[in-house]
Amino acid sequence: MSDGSILQIVPRLPGTLDGVGDYALNLAKALSARHGLTTIFAVDRATSVEIKDGFRVVSGLGQGGAADSLARECPHVILHYVNYGYQERGVPFALLRLARELRGQLRGRWLTTFHEIYAWGPPWKSEFWLRPFQVKIARELIDLSDVCIVSNAVVEKEIHLHDSRKQVRLAPVMSNFGEPELTDFRSASPRRWAICGGTASIERSLCSFERMHRFVPEPFFPNHLDVIGGHDSKSTRAVIERLADETPGLACHYLPEVTVRQASALLTQSSFAWLDYFGRHKMSPGMILKSGVFAAYGAHGVVPILSHQEEAFSVGGDPFPGPWFMTPGDVHFPAPNRLSEIRENIYSWYSTHAASPCLARLYAEALA
């Protein structure tokens with residue numbers, strides 16, 4: 001590929017407990033380490049930070065002349081698109097204007113990573129009435145992209161409904177909680193559990209775990225629960241205290257705002273993790289692959305127990321081991337004598353399809 005920097009456009013400063021920003025930062029590190037490609041971050045929201053983990057940061061994208069200076073410095077662009085990240089109603093017309101201007105002056109390739117594409121909602125929700133505008137913006141971004149990157153087949157299908165010839169690369173998101181090298185999948189207690197993620201994700205998962213944990217099979221019934229990540233929250237602490245009071249023998253530990261190293265060390269000691277990703281919403285099979293929390297569990301060989309009944313899914317013809325879930329109507333766990341095998345298979349699947357070296361290679365090839 002041609003020389004020069006990659007401009008990664010993100011809604012918020014990377015490394016600030018923001019899933020999309022953390023994804024972009026981890027991608028920048030992997031592209032630099034493995035392919036010698038340098039990233040400059042263009043942050044939509046104003047920030048005084050100029051350097052993040054060794055990468056230059058620019059902001060104020062709406063200022064006049066921004067496209068000119070960015071295009072001169074960076075031959076390639078990776079736009080991380082999540083519509084509500086750039087505009088509170090999910091209609092980022094200002095971002096679209098910048099993209100048009102920048103694309104017209106770009107010397108190299110334009111990739112758009114669709115972390116989200118557009119929203120669905122009932123008529124009493126704003127998503128319903130604003131969806132035509134969200135679709136218009138997303139489709140124009142599809143048109144100006146050389147390659148679209150997606151984490152699941154649902155978004156890939158939406159892109160191809162608009163343009164059947166558009167090049168789309170599918171890869172699950174990677175872990176934002178580290179990617180340790182593991183060989184031991186036997187020593188962790190089968191009763192040790194974790195819940196991790198951002199503040200809202202943790203609280204949603206904790207509340208449903210409080211309702212559902214009594215259905216956990218006896219060999220795996222939790223006696224230790226680590227709640228990892230997010231901002232320190234009084235409401236989260238209240239749920240944890242209530243869960244501990246209601247469950248004799250369960251030791252609960254709350255560790256908000258931990259470092260990646262600390263989070264990774266805790267996850268490595270866990271056998272199971274609970275994830276309520278969609279809440280009460282019904283989602284299509286495979287959409288779980290857009291979850292960074294699901295990725296974090298895979299990166300640590302932790303068995304993710306989902307709050308919804310997930311159908312079997314695969315990437316590149318390789319089926320994910322499981323999936324495992326616990327709902328009011330069904331409980332699906334590994335057999336106790338296969339736990340270490342399943343943990344190793346999950347870790348291997350993640351390493352093959354979602355680890356940062358895989359993602360960096362995919363992006364480097366798409367930029368070539």
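So, helix H5, residues 126–144, lies across E5, E6 and E7, and it runs at about 145° to E6. For that angle, axes are lines fitted to C-alpha atoms, for helices over the stretch in contact, and angles run from 0 to 180 degrees between N-to-C directions. Helices (H or I, at least four residues) and strands (E, at least two) are DSSP runs, numbered from the N terminus.

Quick housekeeping. This is a predicted model, where local features need pLDDT of at least 70, side-chain atom pairs count only at pLDDT 80 or more, and totals for chains, interfaces and linings use all residues. Residues are numbered from 1 along each chain as its sequence is written, and side-chain values use heavy atoms, with hydrogens and water left out.

Now the sheet under that helix. It's an open one of eight strands, ordered E3-E4-E2-E1-E5-E6-E7-E8, with mixed pairing. Strands E3 (51–52) and E8 (168–170) are the edges, each pairing on one side only. By pairing I mean that DSSP finds at least two bridges between two strands. E1 (residues 6–10) and E2 (residues 39–43) run parallel, joined by five bridges, and Leu7 stands opposite Ile40 in E2. Helix H1, residues 19–35, packs on this sheet too, and its direction makes about 150° with that of E5.

Moving along to strand E9, residues 192–196. Why call E9 largely enclosed by the rest of the structure? Because five of its five residues are buried, meaning under 20% relative accessible area (1.4 Å probe, protein chains only). On one side you have Arg192, Ala194 and Cys196, and on the other Trp193 and Ile195. E9 runs parallel to E10 (residues 224–228), with five bridges. Getting from E9 to E10, the chain goes through helix H7 (residues 199–212), a right-handed β-α-β crossover; that is, with the strands pointing away from the viewer, the path from the first strand over the helix to the second runs clockwise. E9 also pairs with E12 (residues 272–275), again parallel, over two bridges, and there Trp193 sits opposite Phe272.

Last stop, Asn152, in the loop between strand E7 (147–150) and helix H6 (153–162). Buried or exposed? At 2% relative accessibility, Asn152 counts as buried. Leaving aside neighbours within four places in sequence, Asn152 is in contact (heavy atoms within 4.5 Å) with Leu170, Gly286, Met287 and Lys290.

How values were computed. Buried means under 20% relative accessible area, exposed over 50%, partly exposed in between (1.4 Å probe, protein chains only).
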